[in-house]
Amino acid sequence: MKSEWNTSAIANICKVVTDGSHTSPKSVSHGKYMVSVKDFTPYGFDFNGCRQISFADYEKLKSSGCVPQKGDILIGKDGARYFEDIIIYNQDEAPALLSSIAILRCDEEKVIPEYLYYLLKTPSFKKDVKDNYGSGSAIPRIILKDFKRMKVEYPSIEKQRQIVSILHDLDAKIFNNQKVNDNLEQQAATYFQELFINNANPMWQISTISDLGTVVGGSTPSKTKPEYYTNNGIAWITPKDLSINKSKFISHGENDITELGLKNSSATVMPKDTVLFSSRAPIGYIAIASNEVTTNQGFKSVIPYSEIGTAFVYFFLKHSLPVIESAASGSTFKEISGSAMKNIPAIIPDRNTLDQFNSFCAPIFAQQKILEEQNHSLAMLRDSLLPKLMSGAIDIASIQL
C-alpha cells in the first residue's frame, strides 16, 4: 500500500550528490574522454567527437570526484534541456564530467539506482523540479543544494525491484532494437564507403547537390496565429524535433500546421522519402520523411531524383557534413544557405552502381523503420506505466508483458 512508502530528501538516500568539473582542461588529441550535456544519448554517452583531456588532468578530476562510477545516476543540470537527460551510467569508459552534469550515487540499502532513475524520469517529478527547483534566467540550471532537498517517495527494496523489473524489460527491448538498427546502419554506411569513396570510378561526373535532388527550404507560419497550428494536421518539423527524436525516420514533430498556416507561409510540402537536413542551430541533423512533411526555415532538405534515390542522398549528406559545414557562414551562428547547399560538390555515379546500392539499402531501411516504430510503441507503453507504477496506482502483480 502507498501508506507504507517512505518520503525522504535525496541527500538522505544518496551517498554522493555532486557534479563535474567547474574548470575545463585543455583538449588534447589523445587522452581521456571529457563529456558535457551535448554528449548525452538516452542510454549513455556518445564518445564520437567527444573532446579528450590529458591523463594528468584526468587523474586530478578523478581524485576530486568528477568521474562517475557504474551505477551512478547522471543528470544534465544546466541549459535548455536541464533535467531532461537522465541516465544510469553503465559504459566501460569512465569519462570526466563537466559541471553541467550532476552525479547521484544511491545508498542501496534505501533506494536502488534503477528505481531512483525511473522516479526522476516521471512527468510529475520533472514538472515539480522545473516549477520549484530550477534557477537562472539566461541559462536555466539546478544547483546541487536543490538536488539535495528534492523529496522522493519510495517503497521497500523488494517492491522497488518489482517495479524496476517491469520498466527494465521494456527498456531492454527498446535497447536491443536500437542495437540492431545501429548494426544495420553501419552495414549500409560501410557499403557506401566501399562503393562510392574507396572504389569511386574516376569517370563518374563531378557535379553538385542540385543534381542529386531538389533542395528545399522551409518556413514558420506566424506564431501569433493559433489557427495556423494544430495537433493533427500537416507535419511540420524543426531542428529541435530532430534533437529530441533521434530516429532515422520521422513522421511528425511537436506541432503540426493547418492548411491555413501552410497557405500563409512559404513552407513547402515535401514527399515521403525526402532527406531532411538541418541547416542551422545546428547544421547536420539528418532524417528521412516517413510521409509528406513541411519544415521550418532551419532546413535545406533534398527531395532525391528518382534515378538517384533516397539511400544515396542520405549517406552522401552524412559523408559530406564537414564540407557543408565549411561552406556555412554567419557570425551569431553558422548557417548553410540554399544557394551554397545547391553548389556543394557531389559525385554522380553510374545508374547500375546506384541501383546496386539502393537495392542493398531497401530491406535495411525497411527493417530499421519497423524497429523504430516498435520502439515508439514500447516507449509509449513504458511512459504510460511509469507514473502509475511510481505512484502505487496500479497493482504490479496484474501486469504481464
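Helix α3 lies across β2, β8, β9 and β11 and runs at about 170° to β9. The model is predicted: local features need pLDDT of at least 70, side-chain atom pairs count only at pLDDT 80 or more, and totals for chains, interfaces and linings use all residues. Residues are numbered from 1 along each chain as its sequence is written, and side-chain values use heavy atoms, with hydrogens and water left out. Helices (H or I, at least four residues) and strands (E, at least two) are DSSP runs, numbered from the N terminus. Axes are lines fitted to C-alpha atoms, for helices over the stretch in contact, and angles run from 0 to 180 degrees between N-to-C directions. Contact means heavy atoms within 4.5 Å.

The sheet under discussion is open, has four strands in the order β2-β11-β8-β9, and is antiparallel in its pairing. Its edge strands are β2 (14–19) and β9, each of which pairs on one side only. On average, neighbouring strands in this sheet are turned by 15° against each other, direction ignored. Two strands pair if DSSP finds at least two bridges between them. Between β8 and strand β11 (residues 101–106) there are four bridges in the antiparallel sense, and I75 has A102 in β11 as its bridge partner.

Helix α3 spans residues 113–120 and is mostly covered, with seven of its eight residues buried. Buried means under 20% relative accessible area, exposed over 50%, and partly exposed in between (1.4 Å probe, protein chains only). The buried residues of α3 are P113, Y115, L116, Y117, Y118, L119 and L120.

## Two residues with positive phi

Most residues other than glycine have a negative phi. F83 is not a glycine, yet has a positive phi of about 65°. F83 sits in the loop between β8 (73–76) and β9 (86–88), and counts as buried at 0% relative accessibility.

D273, also not a glycine, has a positive phi of about 80°. The loop that holds D273 runs between α8 (259–263) and β19 (275–279). With a relative accessible area of 33%, D273 is partly exposed.

## Aromatic pairs

The whole structure contains 24 aromatic pairs. One of them joins F45 and Y89, a tilted pair at 5.8 Å centre to centre with 45° between the planes. F45 belongs to strand β6 (residues 44–45), while Y89 is in the loop between β9 and β10 (96–97), so the pair links distant parts of the chain, 44 residues apart. Rings of Phe, Tyr and Trp (its six-membered ring) pair if their centres lie within 6.5 Å; planes under 30 degrees apart count as stacked, over 60 as edge-to-face and the rest as tilted.

The pair of F315 and F357 is edge-to-face, because the ring centres are 6.0 Å apart and the planes stand at 80°. F315 is in helix α9 (residues 310–319) and F357 in helix α12 (residues 351–391), so this pair ties together parts that are 42 residues apart in sequence. F315 is buried at 4% relative accessibility, and F357 is buried with a relative accessible area of 0%. Ring pairs also link F315 and F357 into a cluster, whose members include Y191, F192, F196, W204 and F249.

## Helices α9 and α12

The axes of α9 and α12 cross at roughly 90° and come within 8 Å. On the α9 side, A311, F312, Y314 and F315 meet L354, F357, N358, C361 and F365 of α12.

## Charges over rings

A charge sits over a ring if NZ of Lys or CZ of Arg is within 6 Å of the ring centre and within 35 degrees of the ring normal. K32 lies over the face of Y58, 4.9 Å from the ring centre. The charged end of K130 is placed over the ring of Y82, at 5.1 Å from its centre.

## I396 after helix α12

I396 is in the segment after α12 and counts as buried at 15% relative accessibility. Leaving aside neighbours within four places in sequence, I396 is in contact with K159, Q162, I163, I166 and L389.
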